[in-house]
Amino acid sequence: MSGIVFHQQQLVFLSHHYNDGKCCSVPRIKGQRVSFPNLQHGYAASCPKFVKLSPHATVSGSGGAQYSEQWLDARTKQKREKIAGIDQDELLDPSLLADPDSCFCEFRGVQIHHKVYDAESQANNSSQSHTLSQVARNNSWKLGLPMILLHGFGASVYSWSRAMKPLAELTGSKVLAFDRPAFGLTSRVDASTHLSTGTNDAKPLNPYSLSFSVLATLYFVDFLAAEKIVLVGHSAGSLVAIDSYFEAPECIAALILIAPAILAPRAVQKLAGQDKVGRENQTEGDISNSNMLAKPFIKIFEILFKFITGITQAIVQMAKGMTDMLNSIYKKALTAILRSAFGVMLIRMIIDKFGRAAVRIAWHDPNQVTEHVLNGYTKPLRAKGWDKALAEFTAATLTNSESESKPSMSKRLNEISCPVLIITVDNDKIVPSWNAKGLSQAISGSCLEVIKNCGHLPHEEKVEEFVSIVYKFLHGAFGDQKELSMQAGAVV
């Protein structure tokens with residue numbers, strides 16, 4: 001035997017040593033050290049620091065291959081990556097992660113995950129009666145309209161799991177919740193190659209855009225075969241709810257916004273504008289009176305003023321053009337970064353660092369954040385392509401060009417004519433309650449309710465109180481209007 005090879009990738013000891021070409025024969029004794037008696041130049045007669053044969057190691061043959069596989073398996077297990085505690089080496093198609101009550105439907109090339117509960121099926125299932133809302137059981141009045149629930153950023157249908165059943169009995173109709181693209185178990189598609197166009201669309205629609213979520217919401221209105229629905233949005237889902245209303249106000253009977261992540265307009269801007277007009281009127285009156293005393297000098301002053309104003313306006317327009325150009329360049333650069341490998345890596349780092357912590361922060365009572373809750377929120381991280389989809393969603397949100405062609409939402413809030421309920425809490429660490437109060441002032445006739453000792457998720461943390469507030473609002477807004485049930489049509 002001319003040499004001993006212990007293992008691929010490990011130390012290889014050759015019996016042909018650098019000793020004038022002399023060879024040494026090395027006997028192998030299982031489980032003991034190997035000695036090299038002929039080694040010179042200061043080497044010790046034994047090598048305890050380097051070589052000790054494992055009982056499973058062999059000099060040659062199939063046993064060496066078996067040891068190699070065991071060693072590689074150990075190295076592979078050590079290298080497995082986890083994001084927020086979820087193994088990333090065994091990602092699955094979202095449909096394989098579905099619950100027994102999960103449903104999927106295709107909308108513009110995207111498989112949308114959703115769940116539906118209705119009052120009739122719950123009434124027939126007595127085993128679930130203990131989970132229903134006490135408020136719903138104690139009141140005979142039913143709205144008779146279906147309800148669609150829109151989750152917020154980073155959430156999914158799971159966030160409505162505690163409220164869907166009691167809301168279904170409360171309305172006496174169906175309640176539907178779906179996962180917006182990039183979240184939950186809705187399929188992750190490649191936005192760069194995916195064509196999500198309708199027959200009349202002039203250009204492809206990004207499945208991760210706000211517009212896509214709005215159209216998906218209206219698709220489910222038709223899916224429920226309803227003429228009108230109650231639309232409920234939580235956090236960022238409130239933005240989808242309001243945009244859906246502006247897209248098809250005739251379909252929305254009422255809006256319920258929970259901890260809405262919509263920036264309330266500043267009333268001081270209107271006051272400042274009025275003050276500015278007053279100062280301009282006062283200036284014109286002063287100039288008119290001055291003209292009577294020194295008309296020639298004022299005439300020269302007016303000419304100079306107009307000249308300076310013209311130059312200023314030209315500079316402002318040029319600066320605005322440069323700002324728009326820089327803004328466009330910034331958006332393109334930001335989009336490219338987010339969609340790059342670096343951007344996806346950054347998304348993974350953020351979710352790993354803050355994902356589970358964000359769920360805990362969203363609750364007022366940390367004792368309610370059980371492992372079951374954390375698993376419910378992190379389950380979508382087991383879906384293939386979740387990281388790229390989230391990067392695409394972030395890019396679509398930050399570089400939303402569609403909003404530039406539409407009037408500002410803050411300027412249109414006073415156009416909402418349907419009943420609106422805004423629910424906020426006293427311990428929201430994500431969306432401050434004062435913003436909800438400002439939003440209620442901007443939406444004329446809206447109702448504002450505050451839930452005490454509660455965090456960002458009242459429909460999870462304070463289910464009974466949440467359902468009670470919804471019942472009070474709907475009963476107050478519609479009373480015993482039986483015709484609403486007829487307008488809902490036949491619900492499939």
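The dialogue below goes through a few features of this predicted model.

Student: What conventions apply to the numbering and the values here?

Tutor: Residues are numbered from 1 along each chain as its sequence is written, and side-chain values use heavy atoms, with hydrogens and water left out. The model is predicted, so to speak of local features requires pLDDT of at least 70, while side-chain atom pairs count only at pLDDT 80 or more, and totals for chains, interfaces and linings use all residues.

Student: How many helices and strands does the protein chain have?

Tutor: Helices (H or I, at least four residues) and strands (E, at least two) are DSSP runs, numbered from the N terminus; in the protein chain there are 15 helices and twelve strands.

Student: Why does the span of helix H14 agree with its number of residues?

Tutor: The expected span of a helix is 1.5 Å times one less than its number of residues. Helix H14, residues 463–478, has 16 residues and should therefore span 22 Å, which agrees with end C-alpha atoms 22 Å apart. Just after H14, Gly479 takes a positive phi of about 55 degrees.

Student: Is Glu392 buried or exposed?

Tutor: Buried means under 20% relative accessible area, exposed over 50%, and partly exposed in between, with a 1.4 Å probe and protein chains only. Glu392, which lies in helix H10 (residues 386–398), counts as buried because its relative accessibility is 11%.

Student: Which residues is Glu392 in contact with, leaving aside its neighbours within four places in sequence?

Tutor: Contact means heavy atoms within 4.5 Å, and with those neighbours left aside Glu392 is in contact with Ala191, Tyr208 and Arg339.
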